[in-house]
Amino acid sequence: MDNIGRLESPDYVQTSLAGAMALGLEPGSFYRNAYPGSLNLLMTYQDGCRANCSYCGLARERYAEPDKNTFIRVKWPVYELSNIIDILTRPPQAAAAKVQKLGRICISMITHPRAADDCIDIVKRLSASTQLPISVLASPTILQGASAFFNRIKSAGADRVGIAVDAATPELFFDMRGQAVGGPHRWETYWEAIEQAVMVFGRDNVSVHLIVGLGETEQAMVQTISRANQYGAQAHLFSFCPEPGSKLSSYKPPSYGQYRRIQLAAYLLNKKQSTIDAFEFNSHGKIVSYGSRLHELLGDDLAAGEPFRTSGCPNKEGCVACNRPYGNERPGPVLRNYPFQPEDSDIDTIKGQIWDE
Ligand code: SF4
């Protein structure tokens, strides 16, 4: 084995900083008590990710000072998987309160030739030792036979799959992740994998990640959310935030208005069986109406801020577990994805943003 002595998957994984804090492995407290409901683990290899996505902190050609590599702008410390399992399996009276709030584990693959087999190994070890439901954020590019891989991770104990398409159109995908940046990813491969994942895991058990603000119009983003729904998947939103050292480090995040309008559209499409035909767009592709049934479809959900909460995989009770606190922005008074129920003052702020530029 050439990986002996290296801190690599499957024996080692990275955790998000929030995840490490929830496990008690990093100090700190959560702004507004936004405890993570999902433990997000990232596979790790010394020679890194083979892809070169222009917005990503893990990209092959990203410039970063040694030891300053970040992903989603925060540190992802490396831990031994067995250490994490020890913490997760402590009896309730010995486990820290933050660990008990975890309702799911998610394993993110990176584009590396060993990642598929190692991911199955990690799923097996976690499902043999904890009762928490397990998602896999799969990298379609390295799967030789997506259907067989999805069947293997399902047998190993995963109950859901995520596919990070990220860019909303084939052209943007090519420019940001594909040949234009020397990357191996193909739009068609991703959507074929989504189709196979839905066949194995069933409708609404597959999530498609999309990043708002990579240069797409609102209309193009809504069409791709609708496409994900037609495949039987749910769309989960991320707001672009520039990663230092990446090719897009000087890009600006989308306006709050753009992000709020897409959040509301995604909620209507994912949860309320609304269709894109009901929406109206202006000549720049901006949403100008959600149709005459908006208030009937939303009921009290708008007043409760539901469309603006983080969308992600659920816990066993069916509530969102993957709330990714501050995954899109620094902790601060105005959030994009609310990792908790927004308060009245948050909802006043949100309402003022929806029709803003
Ligand atoms: S929504 Fe969260 S738990 Fe689900 S696949 Fe994406 S990162 Fe993983």
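Predicted model: local features only at pLDDT ≥ 70, side-chain atom pairs only at ≥ 80, totals over all residues.

Q: Which residues in α4 meet which residues in α5?

A: Contact means heavy atoms within 4.5 Å. From α4 come Ala116, Asp117, Cys119, Ile120, Val123, Lys124 and Ser127, and they meet Phe149, Arg152, Ile153 and Ala156 of α5. By class, that contact has 7 nonpolar, 1 polar and 3 charged residues.

Q: At what angle do α4 and α5 pack?

A: Angles run from 0 to 180 degrees between N-to-C directions, using axes fitted to C-alpha atoms over the stretch in contact. Here α4 (residues 115–129) and α5 (residues 146–156) pack at about 20°, with axes 8 Å apart. That makes α4 roughly parallel to α5 (angles under 35 degrees count as such).

Q: Is His185 buried or exposed?

A: Buried means under 20% relative accessible area, exposed over 50%. His185 has 5%, so this residue is buried. You'll find His185 in the loop between α6 (170–177) and α7 (187–201).

Q: Which side chains make polar contacts with the side chain of His185?

A: A polar contact is a pair of N or O atoms within 3.5 Å, and within protein one must be able to donate a hydrogen and the other to accept it. The His185 side chain pairs with that of Thr141 at 2.5 Å and with that of Tyr190 at 3.4 Å.

Definitions and conventions:
Residues numbered from 1 in each chain as written. Heavy atoms only, no water. Helix = DSSP H or I, 4+ residues; strand = E, 2+ residues; numbered from the N terminus. Parallel < 35°, antiparallel > 145°, perpendicular 65-115°, else oblique. Nonpolar A, V, L, I, M, F, W, Y, C, P; charged D, E, K, R; others polar. Buried < 20%, exposed > 50% of the residue type's maximum accessible area, 1.4 Å probe, protein only.
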